Amino acid sequence: MTSPENAAAVPTPNTAVHPADPADPADPADLTDLTGLTDPADGIVPDTKDWTWVLERACPDCGLDSAAVDRASVPGLIRANADAWVAVLAGDEDALRRRPRPEIWSDLEYACHVRDVFRLFHVRLNLMLDQDGPDFPNWDQDETAVAERYGEQRPSAVAADLAGAGRILADAFERVEGEQWQRTGNRSDGARFTVESFSRYLVHDPVHHLYDVTGERV
C-alpha cells in the first residue's frame with residue numbers, strides 16, 4: 001500500500017512505523033486542543049515498500065486476495081469498510097488515541113490515514129477518467145500525519161469525514177462503465193494502473209489497516 005513516491009522523509013529516533021498507501025492532500029478534519037496520547041512530533045518512519053505486489057497475490061497478513069476481487073464489488077467493499085471504521089471510532093477515545101507501541105500508529109491515526117486515502121483515490125480516479133494517462137501528483141502521507149496531528153483529531157469528526165469520503169469514492173467507482181475501466185494513470189515511481197487495477201489496489205489499503213487495528217483477517 002505504500003509507494004516509493006512518498007518516501008522522502010528521513011527516519012528519526014522514536015518514530016512510528018506503519019504500512020500505508022499514497023494519498024492526495026486532504027482537507028484536515030477538525031482538530032482539538034486536547035493533548036493527545038500520541039505525540040505527532042515523534043514523526044513516522046516512512047514505509048518505502050512498493051505494495052503493488054498485492055495485485056498479484058494474496059496478502060499473507062490481512063488475507064485479502066486483491067487479484068480475485070471483482071471490480072463490480074469494489075463500491076460495496078468500500079462502503080462496508082467505511083462502516084467498520086465508523087464502528088472502530090465509536091470506541092473509548094483515550095484508547096483510540098493510544099499507540100500500542102511508540103513505533104505503531106494508534107487506531108485514530110490509522111483511521112485518519114484511511115479517510116485521506118479515500119479522498120486521494122477519488123482525486124486520482126477523476127484524473128484517469130478526465131485525462132489521458134495522467135501522472136499522479138506526489139503526496140507524503142507521513143508528513144501529513146504529523147502536520148495535521150492525526151492523533152489529536154476528534155474521533156467523531158474523523159468518523160463522519162471517513163464515512164463521507166468512502167461514500168463519495170464508492171459512488172464514483174459505481175459510475176465507471178465500459179471502456180473507462182481500461183483508462184490509465186501513472187505513479188511517479190513508474191507504476192502504471194488501469195482504473196480496474198487501481199480499484200483493486202485501493203481495496204487492500206483500508207482492509208489491511210482495519211486488520212492492523214482489529215487483528216481480524218478477511
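1. A word on classes to start: Ala, Val, Leu, Ile, Met, Phe, Trp, Tyr, Cys and Pro count as nonpolar, Asp, Glu, Lys and Arg as charged, and the others, Gly among them, as polar. With that, the lining of the largest pocket divides into eight nonpolar, two polar and two charged residues.

2. Please keep in mind that this is a predicted model, where local features need pLDDT of at least 70, side-chain atom pairs count only at pLDDT 80 or more, and totals for chains, interfaces and linings use all residues. Residues are numbered from 1 along each chain as its sequence is written, and side-chain values use heavy atoms, leaving out hydrogens and water.

3. Now the pocket itself (on a 1 Å grid over the protein atoms alone, an open set of points where a 1.4 Å probe fits, with protein on both sides within 12 Å along at least five of seven lines; lining residues have an atom within 4 Å of a point). The largest pocket holds about 210 Å³ of space. Its lining includes Leu 64, Leu 77, Tyr 211, Glu 216 and Arg 217. Two or more lining residues come from each of α1 and α6 (195-214).

4. Next, look at helices (DSSP runs of H or I, at least four residues, numbered from the N terminus). Helix α1 (residues 74-88) packs on helix α3 (residues 107-130) at about 150°, their axes 11 Å apart. That makes the pair roughly antiparallel (angles over 145 degrees). Among the residues in contact (heavy atoms within 4.5 Å) are Trp 85 of α1 and Phe 118 of α3. This contact has eight nonpolar, one polar and one charged residues.

5. Helix α3 also meets helix α5 (residues 155-174): their axes come within 9 Å and cross at roughly 30°. The two are therefore roughly parallel (angles under 35 degrees).

Notes
Axes are lines fitted to C-alpha atoms, for helices over the stretch in contact, and angles run from 0 to 180 degrees between N-to-C directions. Angles under 35 degrees count as roughly parallel, over 145 as roughly antiparallel, 65 to 115 as roughly perpendicular and the rest as oblique. Grid points are joined across faces, edges and corners, and a volume is the space filled by probe spheres set on the points.
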